[in-house]
Amino acid sequence: METRICQLDYAAGRPRACPGDTCPFWADDHCVVAGLWADFGTNPQLVELLQGIRTDLGQRDPTRALRSIHPPGLA
């Protein structure tokens, strides 16, 4: 199995292996913030914000953490 690199950590200059389903941004077998990759390089504040959110959510039950921030109808 190929090791994936966390795109959020990579953008922050700290490349690490993707934690997969233990990450609060992981849902339905994929990273829900990976689609923002193009914005990571031009918006370091976005990277910092998402890392803060991930840390906060990581302190909760990871299977429910992301669902708690979905807008209605998108969960």
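Tyr 10 is partly exposed, with a relative accessible area of 46%, where partly exposed means the range between buried (under 20%) and exposed (over 50%), computed with a 1.4 Å probe on protein chains only. The model is predicted, and local features therefore need pLDDT of at least 70 and side-chain atom pairs pLDDT 80 or more, whereas totals for chains, interfaces and linings use all residues. Residues are numbered from 1 along each chain as its sequence is written, and side-chain values use heavy atoms, with hydrogens and water left out.

**Aromatic contacts**

- The structure holds two aromatic pairs, a pair being two rings of Phe, Tyr or Trp (its six-membered ring) whose centres lie within 6.5 Å, with planes under 30 degrees apart counted as stacked, over 60 as edge-to-face and the rest as tilted.
- Tyr 10 and Trp 37 form a tilted pair, at 5.8 Å centre to centre and with 45° between the planes.
- This pair links distant parts of the chain, since Tyr 10 belongs to helix α1 (residues 7-11) and Trp 37 to helix α2 (residues 37-40), 27 residues apart; helices (H or I, at least four residues) and strands (E, at least two) are DSSP runs, numbered from the N terminus.
- Trp 37 and Phe 40 form an edge-to-face pair, at 6.0 Å centre to centre and with 85° between the planes, and these two residues are separated by about one helical turn because they are three residues apart in helix α2.
- Tyr 10, Trp 37 and Phe 40 form one aromatic cluster, in which Trp 37 is partly exposed at 36% relative accessibility, whereas Phe 40 is buried at 3%.

**Second largest pocket**

- The second largest pocket holds about 170 Å³ of space, a pocket being an open set of points on a 1 Å grid over the protein atoms alone, where a 1.4 Å probe fits, with protein on both sides within 12 Å along at least five of seven lines; the volume is the space filled by probe spheres set on the points, which are joined across faces, edges and corners.
- Its lining comprises 15 residues (those with an atom within 4 Å of a point), and Ile 5, Cys 6, Gln 7, Cys 18 and Cys 31 lie nearest the centre of the pocket.
- Helix α1 and strand β2 (30-31) each supply at least two residues of this lining.
- By class, the lining has eleven nonpolar, two polar and two charged residues, where Ala, Val, Leu, Ile, Met, Phe, Trp, Tyr, Cys and Pro count as nonpolar, Asp, Glu, Lys and Arg as charged, and the others, Gly among them, as polar.

**Loop residue Gly 41**

- Gly 41 lies in the loop between α2 and α3 (44-58) and counts as exposed at 69% relative accessibility.
- The C-alpha atoms of Gly 41 and Ala 12 are separated by 9.0 Å, with the two residues 29 apart along the chain.
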